[in-house]
Amino acid sequence: MSEQAVAEYRIEDLAHHSGATVRTIRAYQDRGLLPKPERRGRSNVYRDTHLARLRQIADLLDRGYTLASIKELLEAWDAGRGLGGVLGLVAEVHGPWTDEEAARITREELNDRFGGKPDDRAVDEAVELGVLERVPGTSDEFLVPSPQELAVAAELHAAGVPLDAITGHLRELRGQVESIASRFLDFTTEHVFARYLGSHPPTDADAAEAATLVRRLRPLAQQTVDAELARAMRLFATRHLQRHLGAAGQPVAPSGPTPVALPAETVRAVQELVGPAHVAAFVRAATERELQARTMNELASRKGD
């Protein structure tokens with residue numbers, strides 16, 4: 001077969017090599033995402049450029065881009081503005097945001113780490129949350145995107161926390177962390193990246209510079225959250241300890257006098273008895289008298305013993 005024949009495809013062949021359906025290829029043509037094929041007699045002929053374009057589109061779709069934004073990028077590419085910087089920025093944002101490496105674990109190892117008893121419901125919840133990912137073609141092996149996260153869950157379970165409580169806590173925590181991440185991205189976009197993303201799509205040079213900034217700023221969010229979490233944990237752990245020690249009969253001594261609110265009825269009764277100007281003196285004298293009486297009763301009881 002000649003090189004010319006190898007570089008030509010019928011639409012069915014193009015669909016086979018690209019992974020797209022015939023219907024999808026025609027839809028891309030209608031939307032201007034894919035160049036029109038060469039008409040040869042009654043057949044349409046596609047080339048390697050069409051195959052490369054389909055793979056570009058599929059890659060950008062996987063990264064979360066809409067067809068409208070992909071069309072803008074491809075039009076910029078066709079106009080000679082370049083797409084290398086933009087794709088570099090896409091790759092930088094889509095790349096790993098942690099140095100942690102994924103691992104694998106068997107179902108037997110998983111059972112051993114969580115008490116030795118199989119729990120299908122807990123495994124299903126872990127898969128739903130993305131803590132575990134099923135490995136295609138196997139029924140007893142899982143991919144662990146974050147071994148550290150799984151290790152934390154195992155430690156909590158070993159300390160007595162039920163699995164359903166762990167997953168419930170993770171769901172709540174994930175929502176809060178996603179809110180923090182969204183706010184950090186809004187903040188950096190407003191103050192850092194807005195000048196690079198003003199044009200649609202950005203120029204090749206602007207996209208390349210933005211990609212460099214992503215690499216520089218990537219660790220800042222985690223560093224900030226780590227520092228603030230450490231501060232908050234120290235603050236609240238101290239408060240919890242003081243409260244529980246106080247409940248156990250070991251209150252933390254107050255640093256000064258503690259105001260005590262008297263019932264309104266008591267205050268009115270004292271006012272009627274001694275007048276508003278002498279309420280404080282009366283309460284102080286009554287308190288001292290009560291303390292003296294209790295002291296005398298205590299001493300008398302000790303003599304009797």
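These questions and answers walk through a predicted model.

Q: Which helix gives the most residues to the nonpolar patch?
A: The patch lies on the surface and is formed by Ile180, Val225, Leu229 and Met233. Together they have about 360 Å² of accessible area. Ile180 sits in helix α10, residues 163–193. The helix that gives the most, with three residues, spans residues 204–247 and is α11.

Q: Is Ile180 buried, partly exposed or exposed?
A: Buried means under 20% relative accessible area, and exposed means over 50%. Ile180 has 45% relative accessibility, so the residue counts as partly exposed.

Q: How are α9 and α10 oriented to each other?
A: Two packed helices are described by the angle between their axes and the distance between the axes. Helix α9 covers residues 147–158, and its axis lies 10 Å from that of α10. The crossing of α9 and α10 is right-handed. Their angle is about 135 degrees, and the two helices are therefore oblique.

Q: How far apart in space are Trp97 and Arg218, C-alpha to C-alpha?
A: Trp97 lies in the loop between α6 (84–94) and β4 (103–106). Trp97 is partly exposed, because its relative accessibility is 43%. In sequence, Trp97 and Arg218 are 121 residues apart. In space, C-alpha to C-alpha, the distance is 6.8 Å.

Q: Which residue forms a salt bridge with Arg40?
A: Arg40 is partly exposed, at 38% relative accessibility. In its salt bridge, the closest N and O atoms are 3.0 Å apart. The partner of Arg40 is Glu8. Arg40 lies in strand β2 (residues 38–40) and the partner in strand β1 (residues 8–9), so the pair ties together parts 32 residues apart in sequence; that partner is Glu8.

Q: Is Glu125 buried, partly exposed or exposed?
A: Glu125 meets Arg171 in a salt bridge, at 3.9 Å from N to O. Glu125 lies in helix α8 (residues 120–129) and Arg171 in helix α10, so the pair ties together parts that are 46 residues apart in sequence. Arg171 is partly exposed at 36% relative accessibility. Glu125 has 16%, and under 20% is the cut-off, so Glu125 counts as buried.

Q: Which residues do salt bridges that share partners join into one network?
A: Another pairs Glu38 with Arg47, at 2.8 Å from N to O. Glu38 is partly exposed at 34%, and Arg47 is partly exposed at 27%. The residues joined into one network are Glu8, Glu38, Arg40 and Arg47.

Conventions
Residues are numbered from 1 along each chain as its sequence is written. This is a predicted model: local features need pLDDT of at least 70, side-chain atom pairs count only at pLDDT 80 or more; totals for chains, interfaces and linings use all residues. Side-chain values use heavy atoms; hydrogens and water are left out. Patches are made of residues with over 30% relative accessible area and no salt bridge: like charges are joined within 9 Å, nonpolar side chains (Val, Leu, Ile, Met, Phe, Trp, Tyr) within 5 Å. Accessible areas come from the Shrake-Rupley method with a 1.4 Å probe; for residues, only the protein chains shown count as cover. A salt bridge is a side-chain nitrogen of Lys or Arg within 4 Å of a carboxyl oxygen of Asp or Glu. Helices (H or I, at least four residues) and strands (E, at least two) are DSSP runs, numbered from the N terminus. Buried means under 20% relative accessible area, exposed over 50%, partly exposed in between (1.4 Å probe, protein chains only). Axes are lines fitted to C-alpha atoms, for helices over the stretch in contact, and angles run from 0 to 180 degrees between N-to-C directions. Angles under 35 degrees count as roughly parallel, over 145 as roughly antiparallel, 65 to 115 as roughly perpendicular and the rest as oblique. A crossing is left-handed if the near helix is turned anticlockwise from the far one by less than a right angle, and right-handed if clockwise.
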